[in-house]
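Hello,

Here is the structure you were waiting for. Have a look at it first, then read my notes below.

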Amino acid sequence: MDHNAERRLRHKRAMQRKKAHVDERIAQAVIDKGLMVVLTGNGKGKSSSAFGMLARSVGHGLRCGVVQFIKGQWECGEHLLFASHPLVEFHVMATGFTWETQDRELDIAAARETWAHAAALLRNPAVQVVLLDELTYMLTYGYLDATDVLQTLRERPAHQHVIVTGRNASDALLELADTVSEVRDIKHAFNSGVRVQKGIDY
Ligand code: ATP
Ligand code: MG
C-alpha cells in the first residue's frame with residue numbers, strides 16, 4: 001500500500017471510531033426539557049449569543065419573550081428586528097444605564113416594573129422561550145429579590161427554555177442552570193479606542 005492509501009485508511013478508521021463514540025453519546029441523550037442557559041463572563045458575546053438562540057427559536061416558529069434589564073444608549077439591532085415580530089413579546093427597562101440615572105430609588109422601581117413582565121412570561125406555558133438579557137445586574141445591585149427571582153425561574157413551565165445573560169452570575173443562578181458558558185475577555189477593540197460599531201456591538 002502506498003503512503004497516501006495507508007493514510008486514507010488510518011483516517012477512515014479513526015473517523016469510524018469517533019463516529020461510534022459520538023453516536024453512542026447521542027443515543028444516550030434522550031431527555032427533552034425546558035433548559036435554563038446562563039451566559040456570563042467579562043468577554044463580548046453574551047447578549048449576541050442569546051439573541052442568536054432567539055433567532056433560531058423564532059425561525060422554528062416558537063413563541064418567545066424578551067426582557068432587557070439595561071437599556072443602552074443606542075437602538076440595538078435585535079430590538080429593531082424582533083420588537084414588532086408577531087412571535088416575540090419584547091420589553092425594555094424604561095431607564096438608561098444605571099450609572100446614568102444615578103438614582104437608586106428610580107432604578108429599583110424600574111427594575112421591579114420590568115421584572116413583573118419577566119415573571120408573567122415565566123408563568124405563561126404558551127411562551128416557549130424567555131430571554132432575560134442583563135438580568136444578573138439586577139441581582140448584584142440588589143434591585144430585585146434574588147429568592148423571588150430564583151423561585152420564579154425554578155417554577156416556570158417544565159418545557160419552557162430560559163436564557164439569562166450578564167456578568168457575575170451568582171452561584172445560585174449557575175446551580176439552577178442546565179447550561180452555563182463563561183465568555184472570557186481576551187481583547188476588545190474598545191480598549192484600543194474603537195467606538196461601538198453598528199451590527200457588531202448593538
Ligand atoms: P454583546 O451584546 O456584543 O454580545 P455582551 O452582552 O457580552 O456583548 P455586555 O457586557 O452586555 O456584553 O456589553 C454590551 C456592550 O459592551 C457591547 O457593545 C459590547 O461590544 C461591549 N463589550 C462587551 N464586552 C466588552 C469588553 N470586555 N470590553 C469592552 N466592551 C465590551
Ligand atoms: Mg449583554
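One definition first: a residue is buried under 20% relative accessible area, exposed over 50%, and partly exposed in between (1.4 Å probe, protein chains only). Val-58 counts as buried because its relative accessibility is 12%.

Some ground rules. This is a predicted model, in which local features need pLDDT of at least 70, side-chain atom pairs count only at pLDDT 80 or more, and totals for chains, interfaces and linings use all residues. Residues are numbered from 1 along each chain as its sequence is written, chains are lettered from A and ligands numbered from 1 in the order in which they are written, and side-chain values use heavy atoms, with hydrogens and water left out.

**The metal site**

Start with the magnesium ion, ligand 2. Its protein donors are Ser-47 (OG) and Glu-134 (OE), at 2.0 to 2.1 Å. Donors here are N, O and S atoms within 2.8 Å of the metal (3.2 Å for Na, K and Ca); water is not among the atoms, so sites may look incomplete. Helices (H or I, at least four residues) and strands (E, at least two) are DSSP runs, numbered from the N terminus.

Is Glu-134 buried or exposed? Glu-134 counts as buried because its relative accessibility is 16%. Ser-47 is buried too. Glu-134 also has a positive phi of about 65°, although it is not a glycine.

**Ligand 1**

Now ligand 1. It has 14 residues around it, and Lys-44, Gly-45, Lys-46, Ser-48 and Asp-201 come nearest. A residue is near a molecule if one of its heavy atoms lies within 4 Å of it. By class, this shell has two nonpolar, six polar and six charged residues. Ala, Val, Leu, Ile, Met, Phe, Trp, Tyr, Cys and Pro count as nonpolar, Asp, Glu, Lys and Arg as charged, and the others, Gly among them, as polar.

Which atoms approach ligand 1? An N or O atom in the Lys-44 side chain is 2.4 Å from an oxygen of ligand 1. A polar backbone atom of Lys-46 is 2.7 Å from an oxygen of ligand 1. A polar side-chain atom of Arg-167 lies 3.4 Å from a nitrogen of ligand 1. The protein buries 81% of the 580 Å² that ligand 1 exposes when taken alone. Accessible areas come from the Shrake-Rupley method with a 1.4 Å probe; for residues, only the protein chains shown count as cover.

**Elsewhere in the chain**

Asn-168 has a positive phi of about 55° and is not a glycine. Asn-168 lies in the loop between strand 5 (161-165) and helix 8 (171-176). It counts as exposed because its relative accessibility is 57%.

Back to Val-58, which lies in helix 2. Val-58 and Val-129 are 71 residues apart in sequence and 9.3 Å apart in space, C-alpha to C-alpha. Ser-57 lies in helix 2 as well. Ser-57 is buried because its relative accessible area is 9%.

Val-37 lies in strand 1 (residues 36-40). With 11% relative accessibility, Val-37 counts as buried. Val-37 and Thr-179 are 142 residues apart in sequence, yet 4.7 Å apart in space, C-alpha to C-alpha.

Best wishes

Terms used. A polar contact is a pair of N or O atoms within 3.5 Å; within protein, one must be able to donate a hydrogen and the other to accept it, and residues adjacent in sequence count only if both atoms are side-chain atoms.
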